[in-house]
Amino acid sequence: MAMTLVEKILAKATGQSSVKAGDVLEPLVDLAMSHENAALVINQFTEIYKDTGISLKVWDPSKIAIILDHRVPAESSKTATNQQKIRDFVGKQGIAKFHDIRGDEGGICHQVLPENGYVIPGSVIVGTDSHTTSHGALGTFAFGIGATEMASVWTLGTVLNVEVPGTIKVYVNGKFPSGVYPKDLILYLIGKLTAEGANFKVLEFHGETINNMSTSGRLTLSNMSVEAGATSGIVPADEETLRYLLEEAFVGYKGELLKPDIDAKYDQVIEIDVSKLNPQIACPHTVDNVKPISEIINVKVNQIVIGSCTNGRLDDLEVAAKILKGKKVAKDVRMLVFPASWRIYREALKRGYIAELMDAGAVIMNSNCGCCLGVHQGALADGDISLSTTNRNFKGRQGNPNSEVYLCSAAVAAASAITGIITDPRGVN
Amino acid sequence: MSHHTSKVVAILPNDISTDIIYPGRFMATVLPTETPQYCFADMVELNKRLKNKEIPQGSVIVAGTNFGCGSSREQAVSTIKGYEIVIVAKGFARIFLQNSVNLGLKTVICPAIEASEGDELEVLPDKVVNHTKGKSFPVEPLPKARQAIVDAGGLIAYTKKRLLEKYPNR
């Protein structure tokens, strides 16, 4: 029977010749990722083993990744104690894919995983973070789960009772106009679908625009697929995926590249031509409140954030550095830059992007998630307006329910830093 | 009025995110015994009523579609579970619904629900009866895959059972 890409991956993960949307399965997990919330996973894991007489042992330490990234370095003794608990557990269980607070190998989990070659096409990845969808950019079925579900995965090595999701096929064609990026595409798509338009479904990306898109751009699309409610956002692995694995993750991959069948059954097909797309802005307080930048008039910003698992990669820093080179961040604007990993930070240093951003007045932060979800570094004042390349603008998201967050591409963020109001990058030289 | 009725203590709009239910800044708090204090922390009135125990267990919050959208943070479920509040919503976001099933928070999918604060509701397996308005609304059953976890008493119990099956000669 013809299958979508996710159906093919799940058939492989359950050893069946075919599966279809709606089937209930127990797929084997190839990679189980968590971050600081591993502290809670450890509690729940211990709870499962309690009174069983079975010694506490994860199913396969080589398939577990833990990356400390949400509150690093620790902002409180409580966090520090949780992180210590994770280190003890990692040591005892022999978990090697552990990335502590280190400048040589740390960073944000959704960047650290692919750049270390942990994300293998065709695999099943679960993570205790909703943006685990990111890894679909390399042709995996990757989805977010809660801490208790992760404890169950650590115990059994499978996800229990997974319903095979239906798939929405998204065809993207055309060449991005200058100043328009994959972030604008995904914001546009979320605006079109709404915040729940893909709930319980997978977005499968196709078309010449996707074929020509770098893995970095694909990560942005897959990352934000969850903002339309999607279980995952997936790009079929191709030559670009192999190039990324070899050149940027330093691992060769010779396995099969799974493709969806031509006659697979989709719930919906959406076509988008990016050649007419404008820069897009998600306005407060929902990610689907998306408008073209031309409709955003005279919105003055207090803080600008470039970074996160969505847009903190090298190409984002490059775009921002090019726009800000020789210019200044407006006097009354605070600009914070969070590279997605220390590897990216170092490369941006080598290429001079960091110096250009600093010369303009940006503050370069250590690679972490803190600001994006309002846990530390860059909290907003009452009435503040933040313009951010991150992925969420819910009320209170950046630490203050009396502030507003707008979402945009790195180019819009950089152009707006100069003027202090939300600005179309196509008008800035 | 049936003795099984519960009062609606709040009506919430569509797209209530996990940042509203349990703001990110409290995420270092993970223990289910400690998370309830931050339930709807930025909705100051509702948070105060919960913390002051002015809201009896079993009370109902009625919400729109996409309740629990956003983060996978399980605290968004354990914080509500701490008060044994029932959520009757027009729809739930996937991860939130799964976390609720796993932790045993009662979530009822009721796409047509009509209710106002103070209404007396009776939540039955197949419908929600609004006694104040004299109307009833059908409930969407949980998918079978999820019902099995509810029936086992949550995911911890369900997984424990599977673990014991895996090591029969322990």
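Buried means under 20% relative accessible area, exposed over 50% and partly exposed in between, with a 1.4 Å probe and protein chains only. This is a predicted model, in which local features need pLDDT of at least 70, side-chain atom pairs count only at pLDDT 80 or more, and totals for chains, interfaces and linings use all residues. Residues are numbered from 1 along each chain as its sequence is written, chains are lettered from A in the order in which they are written, and side-chain values use heavy atoms, with hydrogens and water left out.

Q: What share of the 429 residues in chain A is buried?
A: Buried residues make up 65% of chain A. In chain B, with 170 residues, the share is 57%.

Q: Which peptide bonds are cis, one ending at A:Pro73 and one at A:His285?
A: The bond from A:Val72 to A:Pro73 is cis, with omega near -20°; A:Pro73 is in the loop between strand S3 (64–67) and helix H3 (77–93) of chain A. The bond from A:Pro284 to A:His285 is cis, with omega near -10°; A:His285 is in the loop between strand S12 (280–282) and strand S13 (290–292) of chain A.

Q: How many helices and strands does chain A have, and why is chain A called compact?
A: Chain A has 14 helices and 18 strands. Its radius of gyration is 21 Å, close to the 22 Å of the globule rule for 429 residues, so chain A is as compact as a globular protein of that length. The radius is taken over C-alpha atoms, and the rule is 2.2 Å times the number of residues to the power 0.38.

Q: How do you know what the globule rule says of chain B?
A: For 170 residues a compact globule would have a radius of gyration near 15 Å, and the 16 Å of chain B agrees. Chain B has six helices and seven strands.

Q: What makes up the interface of chain B with chain A?
A: In chain B, 47 residues are in contact with 47 residues of chain A, contact meaning heavy atoms within 4.5 Å. The two chains bury about 4100 Å² between them, 58% of it on carbon and sulfur atoms. On the chain B side, B:Arg94, B:Ile156 and B:Leu163 lose the most area to chain A, together 16% of what that side buries. Buried area is the accessible area (1.4 Å probe) that two parts lose on being put together, summed over both.

Definitions and conventions. Helix = DSSP H or I, 4+ residues; strand = E, 2+ residues; numbered from the N terminus.
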